[in-house]
Amino acid sequence: MGDHSPRIGTSRRVFLANLGIGALGVLIPTAVRAQSRQPAQTMSGPMRGEAYIRVSLPERTGVTPKVSLEQRDDLEKHLKCQCGCPLDIYTCRTTDFACPVSPKVHADIQTLIASGYSEAEIRDAFVAAYGERVLTAPKPQGFNLLAYVAPFAAIASFGAFAAWIIHRWRKEPPVDADAFARIPQAGGTADELARLDAAVRNDDR
Amino acid sequence: MILVGELALWVALLMAAWCATVSFAGGKLQRADLIASGERAAYATGVLVIVASAGLLTAILTHDFSLKYVASFTSTNLPTVYLIASFWGGQAGSLLFWTLILAVFTGITVFGNRARNRVLMPYVTGTLGVLLLFFLATICFSSSPYERLDWIPAEGRGMNPQLQNPGMAIHPPNLYFGFVATHIPFAFVIAALITRQLDSDWLAAVRRWALLSWLFLTVGIVLGMWWAYVELGWGGYWAWDPVENSSLLPWLTQTAFLHSVMIQEKRGMLRKWNVTLVAASFLLAILGTFITRSGVISSVHAFATSDIGNWFLTFLVVAIAVSAYLVTTRLRDLEAKAHLESMVSREAAFLYNNVALVGIAFSVLWGTLFPILSEAVKGEKITVGQPFFNAVNIPLGLFLLALTGIGPLIAWRRASVANLRRQFVIPVATGVVAGVLLLALGMRDGYALVAYVLAFFVAGTIAQEFARGTRARRSMYGEGIGAALFRLVARNRRRYGGYIVHAGIVLMFAAFAGMAFRKVHGDVRLGPGETFRASDPYGREWTFTNQGISEFKALNREVSAVSLATTMDGRPQGLMKSEKRQHVDSRGAPTFEPSTEVGIATTAKQDVYVVLAGIVGDNVASLSITFNPLVIWVWVGGALMAIGGLIVMWPLADRRRAQSGYIATLRPEPLPSAAT
């Protein structure tokens with residue numbers, strides 16, 4: 001109580017500073033490298049027709065398609081168009097015929113459905129051809145789990161930290177509790193008010 | 001004029017350097033002459049940047065294609081309004097526009113504080129000088145709109161057709177105003193940290209700028225959503241694109257600050273947190289600019305790639321380092337003046353609100369940057385799209401919506417059981433009744449149901465607050481309902497303006513939830529005279545009959561348009577038209593990819609959204625027809641938020657407001673003559 005020595009000592013500051021510098025040391029080269037590799041898509045630039053990769057699997061005959069139209073549309077909504085737009089295949093192909101990628105991908109999917117492949121098999125074939133970037137959201141497995149867990153973990157940590165701070169506050173009186181406790185009585189007696197008046201006027205000079 | 005403009009840019013660079021140097025020196029050495037010189041340099045920089053901007057605008061309006069920027073983004077047949085918009089339509093011009101806003105804001109700040117905050121002002125001016133210096137240096141050395149071409153083309157490339165939309169003409173400036181307005185609070189925070197003047201003075205100076213930034217960002221984001229909806233043609237208004245996210249990030253932290261600042265004003269708490277939020281808002285604005293302009297993350301909205309990203313990245317790192325150093329070395333000066341007394345109090349509710357807002361900001365930032373992290377770790381860049389952001393942010397958003405209702409109902413310091421019962425009965429009952437009704441009507445989407453229950457709960461809290469306040473005024477002053485309501489808001493602008501903002505949020509959440517029931521009919525092919533039948537989310541039967549395709553020339557484009565006669569449950573609903581546009585230059589040569597003009601029929605219940613995807617075969621139109629429920633309420637909600645923000649900002653509210661702490665009324669000092 002009343003001990004106001006720095007609660008966050010030098011060692012913690014140094015630790016945080018080192019942590020920050022370390023994080024920046026990783027992030028900056030990564031960002032610079034990514035920047036040099038990845039040209040931005042511009043709205044005024046041409047779409048990337050060359051981004052299309054034909055996806056095919058061994059043809060099967062005499063099979064009944066396992067995927068309904070609704071399931072096909074749903075599958076297309078979980079595959080990202082690679083033309084440079086931010087849309088999924090279904091939305092892109094039904095929005096603009098000018099896209100050089102989504103109608104071709106749709107045709108590939110139709111062929112695979114006709115060959116009797118399931119949604120999962122078709123999705124895996126696209127991941128094998130394009131890589132994971134073809135999915136509109138990363139599969140929640142392995143390293144990708146971090147993407148899903150981190151926001152909630154951060155909020156939980158933040159919440160726990162706030163709860164800990166509140167708990168600590170409730171155990172300790174405010175830093176200048178006495179001063180604040182006096183605030184409601186600032187009206188005081190006539191004599192006290194006169195002294196306050198004089199003191200404030202003096203301060204103003 | 002162009003030469004003058006370019007010259008002004010270089011002189012402005014030198015002037016900003018002088019402004020930063022002498023302001024900091026003046027503050028450190030307590031030299032009034034240096035401080036005054038720094039302030040004059042700030043004004044001079046502003047004037048010079050205005051001259052530089054006028055030079056570029058003149059070049060654009062006179063079609064001076066000797067400038068690469070003018071040739072790249074304009075053409076002689078571009079309508080005047082879009083010629084003006086091209087000022088901020090490209091990389092270099094938008095940077096100059098940003099600098100222009102910053103220079104004007106700097107001038108306003110310096111002038112407005114010529115008799116106030118004198119201890120802080122040298123450092124405020126110095127910090128703003130540094131920011132101006134950075135932007136001017138970036139323009140002069142990396143991305144100048146005054147860069148010349150080796151030859152003068154007869155015609156310019158023109159503006160991207162999708163940018164030729166009224167929404168796009170006013171949406172970017174609003175965002176820029178919002179981004180740049182974060183710089184002023186940041187400058188005050190840096191000044192307060194340097195001088196250790198960390199009482200409430202800097203808060204008063206900062207709050208209105210933070211509100212201004214929030215207001216512009218709100219308007220800019222909603223206009224951007226509207227533009228995406230009416231122009232891009234994919235039927236939605238938010239795609240969690242990195243550039244969209246980058247405008248949302250500072251908005252979230254500013255919203256958090258505007259709530260937590262109340263706790264500091266009233267209780268002297270959360271001082272470290274507020275300083276951090278102000279700095280974070282600025283840093284996120286810069287990070288957003290880095291994302292938009294560096295090409296580090298692909299986005300449909302991004303500017304062309306240039307080395308400008310290195311400038312922003314370096315600046316961002318330095319700004320983070322300086323902010324972190326100043327905050328960590330001033331922790332003791334930022335100790336709270338009071339402590340939280342109960343977990344069930346207004347302060348605690350605001351704290352939870354901050355946890356949710358910053359949590360959402362973190363998840364948006366995390367999702368936006370995760371592809372880079374994935375590439376660094378796995379060597380493969382993955383996509384983090386809409387499904388991810390929806391999965392993570394919908395629960396957080398609903399938590400935030402609940403807090404929007406809970407916060408205003410709880411008393412400051414400590415809420416009693418009686419207080420809670422009195423405040424919560426009506427809003428909770430409203431939400432529960434709405435939920436039961438919606439269940440009975442067949443709503444089964446879990447998230448949507450929760451969203452509507454919470455929306456009705458929050459609407460109940462807002463209605464209750466207005467009803468109680470109005471009733472109190474009527475009984476106290478005998479006013480009519482209209483007068484009592486008007487004066488209630490006018491006399492408590494901050495509080496009731498805030499409730500109006502909350503009402504806007506409620507409408508937006510209700511509209512977002514409505515999209516869970518949208519019905520999409522893609523790839524509809526209609527020959528002349530053919531009819532397509534579809535049912536909307538309310539179970540009504542619609543018909544769309546192709547009236548034929550017309551082709552014509554208009555302004556700077558060649559148009560193919562399909563007209564559809566529509567009926568709903570057999571009743572005619574008029575014609576709907578959607579266009580495919582091929583923009584051409586002044587010689588009739590095609591420019592850019594074809595663009596779509598969406599046909600939208602709006603009612604309070606839904607939008608019928610028709611997109612002509614293309615024309616196949618013999619005049620067969622390929623269409624996408626979508627029923628989007630409740631979309632109009634997104635725009636109404638956005639407008640309400642802006643109106644509420646304006647009410648909160650209205651100056652009188654602040655002047656009438658007492659400073660936090662206590663009010664000491666001074667008795668008049670007796671005049672000498674009266675004393676004798």
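## Sheet in chain B

In chain B, five strands make an open, antiparallel sheet, ordered S2-S3-S4-S5-S6. Strands are DSSP runs of E with at least two residues, helices are runs of H or I with at least four, and both are numbered from the N terminus. Two strands pair if DSSP finds at least two bridges between them. S2 (531-535) and S6 (595-597) of chain B each have a single partner strand, so one side of each lacks a neighbour in the sheet. Neighbouring strands are turned by 25° against each other on average, direction ignored. The axes behind such angles are lines fitted to C-alpha atoms.

Strand S5 of chain B covers residues 571-583 and pairs with S6(B) in the antiparallel sense over three bridges. Glu579(B) has Glu597(B), in S6(B), as its bridge partner.

## Basis of the model

This is a predicted model; local features need pLDDT of at least 70, side-chain atom pairs count only at pLDDT 80 or more, and totals for chains, interfaces and linings use all residues. Residues are numbered from 1 along each chain as its sequence is written, while chains are lettered from A and ligands numbered from 1 in the order in which they are written.

## Chain A

Chain A has eight helices and zero strands. It holds 205 residues, of which 25% count as buried. Buried means that 20 or more other C-beta atoms, placed from the backbone, lie within 10 Å of the residue's own. Of the chain A contacts with a separation of 6 or more, 61% join residues 24 or more positions apart. A contact needs C-beta atoms, placed from the backbone, within 7 Å.

## Nonpolar cores

The largest nonpolar core has 222 residues. Such a core is a set of buried Ala, Val, Leu, Ile, Met, Phe, Trp, Tyr and Cys residues joined through C-beta atoms within 7 Å. Helix H9 (residues 201-232) of chain B gives the most to this core, with 22 residues. Phe188(B) is among the residues that touch the most other members. Beyond its neighbours within four places in sequence, Phe188(B) contacts Leu120(B), Val124(B), Trp202(B), Ala205(B) and Val206(B). Another core, of 16 residues, lies apart and includes Leu612(B) and Ile625(B).

## Helix H14 of chain B

H14 (residues 386-406) of chain B has 21 residues. Its first and last C-alpha are 29 Å apart, close to the expected 30 Å. That expectation is 1.5 Å times one less than the number of residues. H14(B) bends by about 35° at Asn393(B), and Pro395(B) follows within four residues. The bend is the angle between axes fitted to the seven residues ending at a residue and the seven starting there. Buried residues of H14(B) include Phe388(B), Phe389(B) and Val392(B).

Note on methods: Buried ≥ 20, exposed ≤ 12 C-beta atoms within 10 Å, placed from the backbone. Contact = placed C-beta atoms within 7 Å. Axes fitted to C-alpha atoms, helices over the stretch in contact; angles between N-to-C directions.
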